Amino acid sequence: MALVDYSSSSAAESDTDDEPQQRPANRCQHGGANSEKDINGAPESAMPPLPPAFHDLYASSVRHSVVDDPSLHQGRKRQNPHVPGTWPSHVYVEWHPTKAQHDTLDELVGLVEAELGDDVTLHNFLTSDLGAQLPLHISLSRPLSLPTAEKDAFLEKLTHAMRRSGTEAFAVRPNGLAWHRSPDSDRTFLVLRVATSGRPDDAAPPNAELVALLTRCNAVAALFGQPALYQGNRGTAVGTAFHVSIGWTFGLPGEEASLRVRGLFERTQFQAVRAWEIGVSGVKAKIGNVVSHISLATGAGKASLYEQ
């Protein structure tokens, strides 16, 4: 559970293009000839799916304290200690797994826990303390700490950089299970490595689209004196670093246990995971407890719908 600063009400204004489309009101009737049907003749659900913007409104949990208290957060310490007048920030791609995908990941994490045994406590990112399914993400920045005077300018520069990147919507697929040691904390993360889906040329750099977005994000971070993500990587190694974290633990599991864990991804029941597509139609910037969605360009040199 993250410690966050609360923004002013003016910062919570939403982009009008993120608003859900209005649907004609339907009376909910159960059975019989008068039941409402959709255009294909199938019974229409009484509960339409939540619009994507809804998730951004509740992306942060309630702050318990402005003091770094690891006892409130499973022993974790803040990577950026709270400083009055600064805003903890992060840029990322968000993924909401389907119920079936969530159940598969939950099964995988359960098997990992069994392999690790009682010596290692594995915490997962799949479910909240209240049992609610949580979104996952692919990071495009390190944890950032923005002064109040710079946060709006940072978002403006980032938005312009992403929308003018020339990168159109794309998708990535999970392609392996691994351990990732955080350079910013004493935690080790259980991750699904991802790779661009549908790439026709194996000789092309891995995850070229994510690398392009990362390059622009790092450039904006540098303008504001913020650290870059994967700065120590060189060449194509940057493209292999992208991942989705599904769990974490303190320390690092032993070599034999780590090998057994990585082998779980090769089991028959997880073969379909490689075919999953994680759509990337935009990136999100979380500044304090306010999340902004930035859509990708609709084509090289074209403005997105948000800019028209």
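What share of the contacts in the protein chain with a separation of 6 or more comes from residues 24 or more positions apart? In this predicted model, such residues account for 76% of those contacts.

Here is the overall picture. The protein chain has 308 residues, and 39% of them are buried. Its secondary structure comprises five helices and 10 strands. The accessible surface amounts to about 17,100 Å², with 53% of that belonging to carbon and sulfur atoms.

Now a word on confidence, which is worth a look before any modelling. The mean pLDDT of the protein chain is 78, and 66% of its residues reach 70 or more. Confidence is lowest in helix α1 and highest in strand β3. Two stretches keep a pLDDT under 50: residues 1-45 and residues 68-76. Where pLDDT is low, the predicted coordinates should not be read in detail. The contacts listed for these two stretches lie beyond four places in sequence.

| Stretch | pLDDT | Contacts beyond four places in sequence |
|---|---|---|
| Residues 1-45 | under 50 | 61 contacts |
| Residues 68-76 | under 50 | 19 contacts |

Helix α3 deserves a visit of its own. This helix covers residues 148-163, 16 residues in total, and spans 24 Å from its first C-alpha to its last, close to the 22 Å expected at 1.5 Å a residue. Buried residues in α3 are Lys151, Phe154, Leu158, Thr159, Ala161, Met162 and Arg163. Their packing partners include one helix, α4 (208-223), along with the strands β1 (86-95), β4 (144-147), β9 (282-287) and β10 (290-295).

Note on methods:
Residues are numbered from 1 along each chain as its sequence is written. This is a predicted model: local features need pLDDT of at least 70, side-chain atom pairs count only at pLDDT 80 or more; totals for chains, interfaces and linings use all residues. Side-chain values use heavy atoms; hydrogens and water are left out. pLDDT is the predictor's confidence in each residue, from 0 to 100. Helices (H or I, at least four residues) and strands (E, at least two) are DSSP runs, numbered from the N terminus. Contact means heavy atoms within 4.5 Å. Buried means under 20% relative accessible area, exposed over 50%, partly exposed in between (1.4 Å probe, protein chains only). Accessible areas come from the Shrake-Rupley method with a 1.4 Å probe; for residues, only the protein chains shown count as cover. The expected span of a helix is 1.5 Å times one less than its number of residues.
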